[in-house]
Amino acid sequence: MSGHGASSLAHWAERIRAAAAGRSHLRLRGGGSKDFYGCGPDAGNPDTLGTRDYAGIVAYEPTELVVTARCGTPLAELEAVLAEQGQSLAFEPPHFGSEATVGGCVAAGLSGPRRAQAGALRDFVLGVKMLDGNGDLLTFGGQVMKNVAGYDVPRLLAGSLGTLGLIAEVSLKVLPLPVAEHTLRFELAQQEALDLLNRWGGRPLPISASAWRGDALHVRFSGAAAAVGAAANSLVGLGGQPVAAAEASAFWHSLREQTHAFFAGDAPLWRLAVPSTTPVLAVDGMRSDAQLVEWGGAQRWLRGEGDHAAAIRALATEAGGHATLFRGDAATRASSGAFQPLSAPLLRLHRNLKAAFDPRGVFNPGRLYPEF
Amino acid sequence: MSIDNEIGAPRCVVGRRQLIAQLRTVLPPHCLLIEEEELRPYECDGLTAYRQLPSLVALPENEAQAQAALEICAALNAPVVPRGAATGLSGGAMPHRDGVVVSLAKLKRIVKLDPLARTAVVQPGVRNLAVSEAAAPYGLYYAPDPSSQIACTIGGNVAENSGGVHCLKYGLTVHNVLRVRGLTVDGEIVEFGNAALDAPGYDLLALMNGSEGMLALITEVTVKLTPKPELAQVVLASFDEVTKAGDAVAGIIAAGIIPAGLEMMDKKATHAVEPYVNAGYDMDAEAILLCESDGTPEEVAEEIARMKAVLEHSGASGIRVSQNEAERLKFWAGRKAAFPAVGRITPDYLCMDGTIPRKNLARMLVAIAEMEVRYGLRCANVFHAGDGNLHPLIMYDANVPGQLDLATAFGAEILELSVELGGTITGEHGVGIEKIGQMCAQFSPDELDLFRRLKRAFDPGGLLNPGKAIPAAARCREYRLTRGAAPLAGSVR
Ligand SMILES: Cc1cc2nc3c(=O)[nH]c(=O)nc-3n(C[C@H](O)[C@H](O)[C@H](O)COP(=O)(O)OP(=O)(O)OC[C@H]3O[C@@H](n4cnc5c(N)ncnc54)[C@H](O)[C@@H]3O)c2cc1C
């Protein structure tokens, strides 16, 4: 395996150097489960560099709470290995298909239902081995929990959508699986749900996920059996109905993987990251019931046909956050951009950083922003 | 040690008089320090072995003044060294001979505290503890708690990505900050992150954490506030062998427990601390562990029982559980006062900050004991054991010729061993000037070159905190020659 691994890294480095010399582009791709995410992955007519062959868990010591895996490792395989040891990726990354790889997961930087409690993917990235745009193999961070030697390149790569370099190997912090989980369902309107979630957020309750959709709020508690039981009991008085374990687990899975009915169909899907206390959002011309709220109110999903990009982005900015066109057809993504446009100074810094990591602009041109 | 050849240190010296004249137009008279006796208190930070008088000290009272001062420094090519409370232990805030120290000490207002959203917007000069004090009436607090929290500032915390004794469970600064507002080197206002949980584009917010004042001057920070747990209790365990204590740490994690804090002190540390704070530590123990649980009373009872079982199994010679909040704080007081306590029993000390995989704790302790003999210096050990972060305190006397050099060599050997054991030279104190040589051991020339490119993406002229954290290529060539060794990087990580 390692002989094969070393040769694929050397081979990739050669391809990167050749592309840099010839001013051509490479499209980095793991399992392709997130092809839909970001803008025009085909800008600049790139060759595809697939990473799936460079796979395998390099090191895993449960007592160190760290796993190191090669980029092509199937995410499902990694999670299965962790589960055998009673551990998990606490940020519950969405797979969006069985082909999802670890490298793609980190490059996309997405987190699932437990994000508000456990932290985001980037919070768990401890180290990377990467190939930069010169084809140099570089290692940053490591396998330890605390490391401030040099700039935090590993976290910078999380969510960079392959535009800064090829993530060859990554070390992630892992955590024990919660001993107990319990889900309650409340019948509530969205604003009532938001109010409650924020009030509960100020109390030390072990809330590990929350979702409001169609007049019902689901709240999941995770942790020690005693804590989960006590917390759930303290809220039952407010009308919370226990949800059976299997049903609850299927429900949270359907949010994480966007297989829930809310996500069906072709209408553009907007993701708004806003302060959790932001009141119910209303966009002119969009149905007010086509919304799903997660992360204690900090993540809002909106759906609706038509071009609402400007209104949605203005709304998100006004609230202090930003909006992503998470899913949409290529034309809409091209016209609206997938991600909220950057301020002038930030755009300049982005371009400079891109040039620092990938001076010839080899990797994934236009995937994050059309400007680089 | 010369810092002149480090990355971007400007070659042409600025006309001091011109700088003063221009800064006077944007800063009130009491906000610009010029005379040597005024500058003297700024000559070092917590790493007192390294001193340098700055050319000037600016103390802006608001962001606009800071911005105007930066614009002038940029135009005149004057280095800028940001400074918070100067509790830093790696010389990150040590002045530049030709530069302006920009102290954020006057920016100490809590701009806004939103109990419902559980966030606080604070100026960079706000002290870490002041945030928790302001949040306390709402049952909230700011989780990262460096032992210097009475004094150190949020700006400094972000610049160093500081940790505390509770960061195993609650995270480092980077995990508890939502937004950083700052000024680029030429005085442009930038916002990294926002009021939401993430921001579009590259994660520049993460990058700001631990950037040691080299990428931007921080002028405002939005921090996350955490609900205070209902109850916290700490177990104080004694061990008759340090290796047993090290193994107990791994045992706790292996049992699937993430303690709210997991700290270790060896006998030399407890013997320094006990007469100073009367924490009630076992003076016969070779090492003690502090292992904390927090949460609901039910949860804490359950977890403490599991912790005690592991500690007993690992051969603890004594176990006490704090019976009330006063006793809990007393047990912690010893740990939190460890540095000043050691400072009382030795004229000077160097505090190391390597981090290693937990499984190697015992091995490191044995190696340090051997080094004490070889260097003829004492070393007390205080560890954030839960995350493998070591603070060996090497005791020396700067007035004895040669002792500082010996202590420095002792420290360097610990750091290099940290890298060799799969760890890093700094877990939370930063590289600064202190560990800049060891950066050459941890990183390859290509990796260091990427750091330099990254730095230039923010600061092409190299004016922000020059000479810190990222070594010049020439220094590393020299380092490798004198060490007679190939870089460790790559082979061991
Ligand atoms: C007794 C003692 C105990 C300590 N315990 C801990 C501990 O438990 N955990 C821990 O992590 N650290 C600890 N430290 C180290 C130190 O307190 C931290 O590094 C702290 O974050 C430094 O904050 P400061 O305000 O003093 O920053 P300073 O020392 O003034 O500066 C530190 C760095 O930040 C930069 N900086 C400061 N303000 C800004 C700004 N506004 N914008 C940009 N850059 C800025 C400076 O240029 C410098 O590079 C301890 C120190 C002491 C003396």
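## Close-up views of a predicted two-chain model with its ligand

View 1. With E428(B), look to the side chain instead, where a polar atom sits 3.1 Å from a nitrogen atom of the ligand.

**View 2. Chain B and chain A share an interface.** Here chain B brings 82 residues to the contact and chain A brings 73 residues. Together the two chains bury about 6400 Å², and carbon and sulfur atoms account for 62% of that area. As you follow the interface of chain B and chain A, 26 residue pairs are in polar contact, counting pairs with both residues at pLDDT 80 or more. Several elements of chain B give two or more residues to the side touching chain A, among them the helices α8 (242-254) and α10 (297-313) and the strand β9 (189-193). The most comes from α16(B), which gives nine residues to this side. Sorted by class, the side of chain B that touches chain A holds 40 nonpolar residues, along with 21 polar and 21 charged ones.

**View 3. A salt bridge links E61(A) with K359(B).** Zooming in on this pair, you will find the closest N and O atoms of E61(A) and K359(B) 2.5 Å apart. For context, the interface of chain B and chain A has seven salt bridges.

**View 4. Domain 1 and domain 3 of chain A touch each other.** To get your bearings, chain A is divided into domain 1 (3-176 + 352-357), domain 2 (180-247) and domain 3 (267-327). The centres of domain 1 and domain 3 of chain A, taken over C-alpha atoms, are 28 Å apart. Where these two domains of chain A meet, nine residues of domain 1 are in contact with five residues of domain 3.

**View 5. A closer look at the boundary of domain 1 and domain 3 in chain A.** Between them, domain 1 and domain 3 of chain A bury about 640 Å², with 69% of it on carbon and sulfur atoms. On the domain 1 side that touches domain 3 of chain A, the residues are six nonpolar, two polar and one charged. One residue pair is in polar contact across this interface of chain A, both residues being at pLDDT 80 or more. As for salt bridges, the count between domain 1 and domain 3 of chain A is zero.

Notes. Residues numbered from 1 in each chain as written. Chains lettered and ligands numbered in written order. Predicted model: local features only at pLDDT ≥ 70, side-chain atom pairs only at ≥ 80, totals over all residues. Heavy atoms only, no water. Domains from an automatic or database assignment. Contact = heavy atoms within 4.5 Å. Buried area = accessible area lost by both parts, 1.4 Å probe. Salt bridge = Lys/Arg side-chain N within 4 Å of Asp/Glu carboxyl O. Polar contact = N/O pair within 3.5 Å; in protein donor to acceptor, adjacent residues only side chain to side chain. Nonpolar A, V, L, I, M, F, W, Y, C, P; charged D, E, K, R; others polar. Helix = DSSP H or I, 4+ residues; strand = E, 2+ residues; numbered from the N terminus.
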